[in-house]
Amino acid sequence: MTAQGPIRSIVIVGGGTAGWMAASALTRVSNGALESIRLIESPEIGTVGVGEATIPPMQLFNRFLGLDENEFVRKTQATFKLGIQFRDWARLGHTYIHPFGRYGADLDGRPFHQCWLRARALGDQTDIGEYALAAVAAMQGKFARPSADPRALLSGMSYAFHFDASLYARFLSEYARARGVVRLERKIVDVELRGEDGFIDALVLDDGERVRADFYIDCSGFRGLLIGQALKVGFEDWSHWLPCDRAAAVPCASVQDITPYTRSTARKAGWQWRIPLQHRIGNGYVYCSEFISDDEAAATLLANLDGEALAEPRFLRFKAGRRRAFWEKNCVALGLAGGFMEPLESTSIHLVQTALSKLQTLFPDRGFDPLDMAEFNRLSIYEYERIRDFIVLHYCATERDDSALWNYCRTMTIPDTLRHKIELFRSGGHVAVYDDELFILSNWLAVLTGQFVRPQSYDPLTGVLDAERLKGHLAQQRAAIRACVDGLASQRDFIARNCRAEPPV
Amino acid sequence: MSGLPSIVIVGGGLAGWIAAAALAGEFKHHAGRVSVVECGEDEPLDLSEEALPATRLFLERSGIDEDEFVRQTKATFKLGTEFTGWPAPESAFFHPFSQFGTSIETLGFHQCWFKLRRHGAGAPLGEYSLTAVAASLGRFARPVADTSSVFSSFSYGFHCDRALHREFLRRHALARGVRAIAHRLVDVAVRADGGGIDALLLEGGERLSADLYIDCSGGAGLLIEQALGTGYEDWSRFLPCDRAITWSSPKTDALMPFSRKTAHDAGWQWSVPMRHRTGNGLVCSSRFLDTSDMRRMLPESLESEPRIYAFVNGRRRKMWSGNCVALGAAAGFLEPLEATDTYLVQSGISRLLKLLPAGSPCQASAEEYNRLAITEIEQIRDFLILHYCSSARRDSAFWNYCGQMELPGSLAARIELFKSRGRIAPCGGEAFSLPNWLAVFAGMDVLPRRYHPFADKIGIAELKERAGMIRAAIRQAANSMPDHGMFLARMGAA
């Protein structure tokens, strides 16, 4: 059977962050081309993320929806994020930051990082973080929105947000419902497939009502109610590269100024996140159940909080990997229903955002051309794999040998694409960036250097620059960044002036 | 720990001197570490006299003044290429170096255009390209940086005399200290450990060693193939042309800011305007046309018997092997249908400069170089094949073959996706992007079965009106550009 004509109706299953992002974006892009967008959310299923951390492209999503950024910050208890601090990852006691934005300026056409590598060979001990405005500002608790003028030093910094995921879902729910999205607060008890082609025919709700649509979006989380349970799309398991499979999460009270960065602290059997919000701090221990018990993980988490725990720890189970197809028949899976990678580089929201962008480009009609699906899946898989490599780098490039997890990760076989990147950097400090890769040179540079991947040599063309001039160039940039950061307000003052949230009720 | 490698380039043709000029620009007062072994009369034959827009960046990086380049090489500016007789014997299209139109309500212009065509409305795609319109009027101006201006939406390349181009770069490189070696190469010593070249043995007994060897010796691949036996991937089943003849004719009075590629029964013919002469070339497939028939297609006015150049479209299996990097025809050959030969050399040497090893070359750099180089040349290969396989011509055995030949999987997928819904997926390499593919798809009359569903948000009447406004703005902008010949005269290039 081949149906013809445009998609008239969409049903989104799941009302977490992914679901409401989908509803908001679809109402924005379709702009009246769709007759109905409905979202079914069960009142019993809560949103998984407590404090959610993001990366800079999220600004584009907010802008695309036409949201006022200060209002978004106020409504979601959000704070600003200039990067991620990694503690104890490369070795116990060592800390580095993955900042958002550029490192220093090139010299005579030679890349900045090659200049820095040469300076190190000449005996200079400065950390690469001293050349990133975002890293220096983050450590001093400062924040400003970057300059739009590319010549200004302040244009070299970028930012993202930490926010309360439940509040964000509520915020987007108001946005989407004001634009015609219908919310059904019900439970789905069955998914009916069409006999002739196995497409989703209807969703049966707990009161017996059958909901039908031309197109279904599965945002039901890990379980993948439509994509997995109904359509039986399998899962590609990446746990041999990313063995963490559980998390314990707990909010705690803030006791000091909110830091404009996420912190990730490596632990014996995984790592702990710390995501500061305006009203509290989100914390979690992501761990590998093979190496630590739930009780011990929870105890470690509770022993490492800034302030008093505000709830009992909640436990989550997952498996790293992705669906074999993200789009199958008349169903697209977004968020955790499509795949899971631990939030080490805060990519969850971003993957929803880019999936929606791809869906906009490849939006189907009722014929559901298999070519559209194949293209969507090809692009999604490629994107997931590139991000996977970046996350695996944090685990495999480590000196830690103090626990079973780190011994496993340090010696495991890694994907060829990642191995190539590491070898290329190790040989001459070159960073291979694949086409349309989310993380670009500066990101890879931060983590490669932070995890002690040391190049054996540097670019020989940088080697012929005058040594004193090169050192002067670096010193001048450090000084300019320090001076620029000295002139910035603290994040506390910035928020107080622009976007202070009401205390929670 | 880090020192500049010593480099020997084998081959003093255009490719060799492009490489030498780029190295001289970056090595600066160490340019003496670069030598070029010239091969005299055995220099590889260069075919094309065209250069893509990327040449501008290449000149800048090499420290070469663009105006001086234009003056010295008798160049004219290139806004694109006119393809005559390709979609069908009597039809033509223009491939401009520019974008088409502007997005309408978050929807790419091409999707709006597909909808217009579906409704029998809208002008040919070229009417929405500033450079296509300017080219048809014989106008030229340089683009501006301000992205809000209509004059920022395009780029340009060059038509330049190949011998003058080579001489110009040679002088530039020599003036900066690159050494030219006139002794002929007689033998190549290969390292026993498989690490590549050990030394070059020159006429007169000199033995020349270097950290890195660049093979610019042409299709023969004296180092990469004859010494190292790297292997060649033959693409002639996709691109069956394998013979070329070039000649000159008098310059034209009005200098066109574009070249013309005219399809014929068993290949195609080019015409490239320069300030002192017009460059011409005939490209054929010997499977479909024997050489005597090829000679009969030449103008009668030709005085001497022209040399027939034989080539095989394809690529070396590795462009970088051990301590040897191949550039130009030694690395791979693609007929100059889209003026990519110079581009591939420029892009190759730029890539090598980014990955330049300190001391002895390492495997990871070579892998990275080959990964990028292969992606790039295969993307261009696919782009060239599209000109043949999508033609409706069935008037000769050659065109019948092209209409039925198997395609590389990457191109077949790309065509299917385009036919399905007009999508042009991002592609590897930087030579050609969405507007280029769109120009050729649309030019060859390949149109998608459906347009983007969201294009129906905009009513057809409104769409016609907005497209009409874009078209009028482009024509007005093109009319305000100076005459191409006047522009050249004003910069002292008459």
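In what order do the 7 strands of the open sheet in chain A run? Before I answer, please keep in mind that what we are looking at is a predicted model.

The order is β6-β5-β15-β16-β17-β14-β18, and the pairing within this open sheet is mixed. At its edges stand β6, residues 95-99, and β18, residues 314-317, and each of these has a single partner strand, so one side of each is left without a neighbour in the sheet. Averaged over the sheet, and with direction ignored, neighbouring strands are turned by 20° against each other.

Now to the chain as a whole. Chain A has 16 helices and 22 strands, and its radius of gyration is 23 Å, close to the 23 Å that the globule rule gives for 505 residues, so chain A is as compact as a globular protein of that length. Buried residues make up 52% of those 505.

Finally, the partner chain: 33 residues of chain B are in contact with 31 residues of chain A. On the chain B side, the elements giving two or more residues are α9 (341-354), α10 (363-389) and α12 (409-421), and by class that side has 15 nonpolar, 8 polar and 10 charged residues.

Conventions
Residues numbered from 1 in each chain as written. Chains lettered and ligands numbered in written order. Predicted model: local features only at pLDDT ≥ 70, side-chain atom pairs only at ≥ 80, totals over all residues. Contact = placed C-beta atoms within 7 Å. Helix = DSSP H or I, 4+ residues; strand = E, 2+ residues; numbered from the N terminus. Nonpolar A, V, L, I, M, F, W, Y, C, P; charged D, E, K, R; others polar. Rg over C-alpha atoms; globule rule 2.2 N^0.38 Å. Buried ≥ 20, exposed ≤ 12 C-beta atoms within 10 Å, placed from the backbone. Pairing = 2+ DSSP bridges. Axes fitted to C-alpha atoms, helices over the stretch in contact; angles between N-to-C directions.
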